[in-house]
Amino acid sequence: MFDHGQPSYAEVNKDVLSVMLVTGPRYWMLLGGTMSVAAIFFFMPWIYQLFVGVGAAGMNRNAVWGTYLSNFIFWIGLSHSGTLLSAVLHITNSQWRKSIYRSAEAMTLFSLMTAVLFVMVHLGRVWYVHWSFPIPNQMGLWPNFRSPLMFDVMAITTYLIASSIFIYMGSLPDFAAVRDASTGLRRRLYTIFSFGWRGTAREWHTLGWAYTFFAVFVIPLAVSVHSIVSWDFALSVVPGLHHTIFAPYFVCGAIFSGTAGIVTVMYCLRKFLNFERYIGQEHLDNLGKLLILLSMIWSYINILELFGSWYGGTSFELEALKFKLTGFYAPLYWEMILFCAFVPLLMFSRKIRLSWNKMLVVSILINIGMLTERFIIVATSQPRKFLPDAFGFYFPSWIEISITVGSFAIFATLFLIFIKCVPAISIYEVKETLKPLRRNA
Amino acid sequence: MSTFFEKLKAYSKPGYYEKFDYHWTMTIDLDRCTGCEACVVACQAENNLPIVGEKQFARSREIKWIRIERYWEGDYPDVKMGFIPMLCQHCDDAPCETACPVFATYHNQDGLNTQIYNRCIGTRTCAVYCPYDVRYFNWFTYTWDEPLEQQLNPDVTVREKGVMEKCTFCIQRIRIAKDNAKDDDRRRVRDGEVVPACVQSCPTEAMVFGDSNDPDARVTKMMKNPRGYTVLKELNTTPSIVYLKKAQS
């Protein structure tokens, strides 16, 4: 798995920890840049919208859901691959998982946080958002447990907490490594973070057991989260959304876009953090194969969805289908089909699959396709429901577009902070993959 | 107090909603409707509906709890136009009620689908789930220029930004009628005592409103009309509004 020769144990520590401990001006400039983009493009329009009302966005009477919600699904989707893939590969004992899973899980965490932010932006009165939590209150009123949005709140909080614990638990020995390599305040902080990890046999045993337990726990959770997000749509009676295929459709799409996201993040880590030694062609090869499989499942489900609409045969469903395939947003629909169903097939070629630059382009195209997929789901169905007189049309306003751009900056900011706080590659697990006989330190 | 416990017992049994105290129902005779929109104006005045302004109207953000939908039939020169007043159908099995995470919309014991503005957090899910498109969102906090604020109805809340609103069947009038009934030591509201603003203002008396639990009420008799139908019946929302279709010659 090591393209450029096997590193020694000490080199692994040095390579990974130097990313955390040595900070150059380029990092600060980058962090400052993403933070200002997040502030200007995300938070300032949002604050404006808070004062004025959600009317600042482009939604209207017939299209009460807009880009905010489609971006919410997109970010939840992006969160799907990290923890899920990491857990599945841990259980199946795959060696290639070990150098990429930490960043993949961080991606899960941060895209979940961005998704939650989008819920906040979406709400009309976000200052009362705590009413959707089952907190005992003076009104003596619980939230409505029949509501798919309530399922959402539950599922996402559980997923957020579980994946935080999962990534934290996996990093415990690495926090200890940071502690041992640093001095001063950082040393004291990481003593606390590492829970006084000493590396005894008993500690390793407990960690391994707990980690596997959590991996098993997280898998059904991840599948349920996006199923539940899909039920926000599928439990309505809206033609074009009221499909039983929606849960698998969303889960598959989520893992698909998440895996493509991992490829993008891997590219950046490798390029900017000098992890060429640890993230190699094997990872690319495996992720590429996974992407092909997921893309084919995704295409199959898409065909099923079209078939369901056509076979259902009600005039409402047919009208929704017609609008989706030939209406105003049809170019976006066909773009999505091109990027998510046909572009991934290029990866059948080994040459493309093993080239970092080409894979970067493919992975970004896939995620652009998935972003539009979510937009199409929201924008083509619910503005045009049953009564033709009430048919509406949705087009995002500049505030929504700006907030969408800003959300990527928020994700980047969180990720940049992450690589300085947590070792971006699992040190101890990379060491497990080294061949002991060939070590030279 | 004993009636309270009796009610509590009755309401905790499944299927209570089929035996409401009252079941407020409306019939709309499309044969009589001329599409004059008097009901729309009356509703605007009664329920403090904001005037959103020309710009927001163009972005289809108007708030009209009752609207007249216009449908054309046939090609020129044989064109026929039909009207259908569309307002909240107060469905007994309302899709919007299950959608709200905070119980801002629920079914009350009068068979009304109610909206509690103070409870609403503005997820707008109810509006998406509503097949009749009759829920309206407050995109901004609307204001009334002086002296227009003097004409606001004191019995109805003025809504702030970020809140969903819709037809209430003029619940303030229902409440007043029930209060009066209680004061007179009567047990039930008499037929014709509650008249929502739209019904009151209809010049052709196309709309009839009443309690369909009362077998002698005018609305109960109207509902039995063979011309009666409910909109989007196939969705099984069991609306409380019965439309009487145009008589065929």
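**Figure 1. The largest nonpolar core of this predicted model holds 169 residues.** A:Phe72, A:Ile76 and B:Met207 have the most contacts inside this core. Helix α9(A), residues 246-273, gives the most to the core, with 14 residues. Here a nonpolar core is a set of buried Ala, Val, Leu, Ile, Met, Phe, Trp, Tyr and Cys residues joined through C-beta atoms within 7 Å, and buried means 20 or more other C-beta atoms within 10 Å of a residue's own, all placed from the backbone. The model is predicted, with local features needing pLDDT of at least 70, side-chain atom pairs counting only at pLDDT 80 or more, and totals for chains, interfaces and linings using all residues. Residues are numbered from 1 along each chain as its sequence is written, while chains are lettered from A and ligands numbered from 1 in the order in which they are written.

**Figure 2. A close look at A:Ile76 and its contacts.** Leaving aside residues up to four places away in sequence, A:Ile76 touches A:Leu112, A:Ala115, A:Val225, A:His226, A:Val229 and A:Ala254 (contact: C-beta atoms, placed from the backbone, within 7 Å).

**Figure 3. Helices α4(A) and α9(A) meet.** The axes of α4(A), residues 80-91, and α9(A) come within 7 Å and cross at roughly 90°; axes are lines fitted to C-alpha atoms over the stretch in contact, with angles running from 0 to 180 degrees between N-to-C directions. The two helices are therefore roughly perpendicular (65 to 115 degrees). Helices are DSSP runs (H or I) of at least four residues, numbered from the N terminus. Among the residues that meet are A:His80 and A:Leu84 in α4(A), with A:Ala254 and A:Gly258 in α9(A).

Key: Buried ≥ 20, exposed ≤ 12 C-beta atoms within 10 Å, placed from the backbone. Contact = placed C-beta atoms within 7 Å. Parallel < 35°, antiparallel > 145°, perpendicular 65-115°, else oblique.
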